[in-house]
Amino acid sequence: MARLAGVSAKTVSRVYSGSPRVLPETRERILAAAKRLRFRPNTVARNLRQGGKTDTVAFVMGDIHNPFYFHVAAGIEQELAKGGFTMLWASTGDAPDSEPVVVDALLSQLVRALVLIPIAGDQSYLEGERQLGTPIITVDRPATDLVADTVVLANRSGMADAVRSLTANGHRKIGFVSNPSEMYTLSERLAGYRQALMEAGVADSTPWERLGNDPSITPESQVRSLLDSSDPPTAIVTGNNRATMGALRELRTREDPVALIGFDDFELAEMLGISVVAHDPVELGRAAGRLALERIEHHGGPIRRIELPTRLVKRGSGEIPAPTG
């Protein structure tokens, strides 16, 4: 580019560093050459040389096939834009071993903060980064072995509300279907399910629980196992939208009606009349984005935990009464 503009490399550098020591006509000639060559300055490299940081925030999400993560990302990006920041994101593919590798790659870009949906069982590898002053915010689930701000959903109370709605319609044999089931969000939802059944006088719900942590086990097979058991449930709640869709496919092959409430709304739920525990993943992202901006501006203060509410949306499938007699 310097050769095309007829100047030295040092003069080009001065233009892109904002130095006033360049004649206007020389500046215009350099910018015209840059446009012709489609040159774009590497701000990350420049900041590295100057020992500074970029105006970017890293977001590490899970499986890119899950639309939930993209809604969260949209919310984060909306808030960051208000503060003049951009977002750099990458996916772990929901593979625990890949989390520290992906996180390290983004942190090497000198980002101003890290927003993370944890999938690994331990985030203590980030302690050094935290002590260096990089704000760390986890979304959807808290960090393990790391003190960090977090934004989560009211998973336990949301599922408890769903089960209470079913018990109010006479159900006591209520199935719970989830795969995976050990991650924070699902374990909280399971706790809410058990709590609401205890309130209704059901002390042991294990005969109607189908919990898996093997991706090869389908929700359809879990529901089939429940309905073909010697004491089948009259209602089912599901741990996430994937389980809801699987349950729906299996229930449509059955003659006897079974009430169904799913956790997470999904695109066709309203059309299909599926009752759900709904929440706003975009707002989840917005809350994380606001928290990141606050931490960039003010590093101190106590660690914050923000819990966003859920709501029970009744559309028909969860309002089927328990059979009598």
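The model is predicted. Its open sheet is built from six strands in the order S7-S6-S8-S9-S10-S12, with mixed pairing, and the twist from one strand to the next averages 15°.

**Sheet and strand pairing**

- Strand S7 (209-211) and strand S12 (311-313) stand at the edges of the sheet, and because each has a single partner strand, one side of each is left without a neighbour there.
- Strands S8 (residues 235-238) and S9 (residues 259-263) run parallel and are joined by four bridges, and Thr238 has Gly262 in S9 as its bridge partner.

**Helices on the sheet**

- Helix H8 (residues 155-168) packs on the sheet, where it touches strand S6 (174-178), S8, S9, strand S10 (275-278) and S12, and its direction makes about 170° with that of S9.
- Helix H11 (residues 241-251) also packs on the sheet, touching S6, S8 and S9, with its direction at about 160° to that of S9.

**Aromatic rings**

- The count of aromatic pairs comes to three, among them Phe70 and Trp89, whose ring centres are 6.1 Å apart and whose planes stand at 80°, so the pair is edge-to-face.
- Phe70 in helix H5 (residues 67-82) and Trp89 in strand S2 (residues 86-91) lie 19 residues apart in the chain; Phe70 is partly exposed, at 38% relative accessible area, and Trp89 is partly exposed at 41%.
- Phe176 and Tyr193 form a tilted pair, 5.1 Å centre to centre with 45° between the planes, which links strand S6 to helix H9 (residues 184-199) across 17 residues; both Phe176 and Tyr193 are buried.
- Arg189 lies over the face of Phe263, at 3.8 Å from the ring centre.

Note on methods. Residues are numbered from 1 along each chain as its sequence is written. This is a predicted model: local features need pLDDT of at least 70, side-chain atom pairs count only at pLDDT 80 or more; totals for chains, interfaces and linings use all residues. Side-chain values use heavy atoms; hydrogens and water are left out. Two strands pair if DSSP finds at least two bridges between them. Helices (H or I, at least four residues) and strands (E, at least two) are DSSP runs, numbered from the N terminus. Axes are lines fitted to C-alpha atoms, for helices over the stretch in contact, and angles run from 0 to 180 degrees between N-to-C directions. Contact means heavy atoms within 4.5 Å. Rings of Phe, Tyr and Trp (its six-membered ring) pair if their centres lie within 6.5 Å; planes under 30 degrees apart count as stacked, over 60 as edge-to-face and the rest as tilted. Buried means under 20% relative accessible area, exposed over 50%, partly exposed in between (1.4 Å probe, protein chains only). A charge sits over a ring if NZ of Lys or CZ of Arg is within 6 Å of the ring centre and within 35 degrees of the ring normal.
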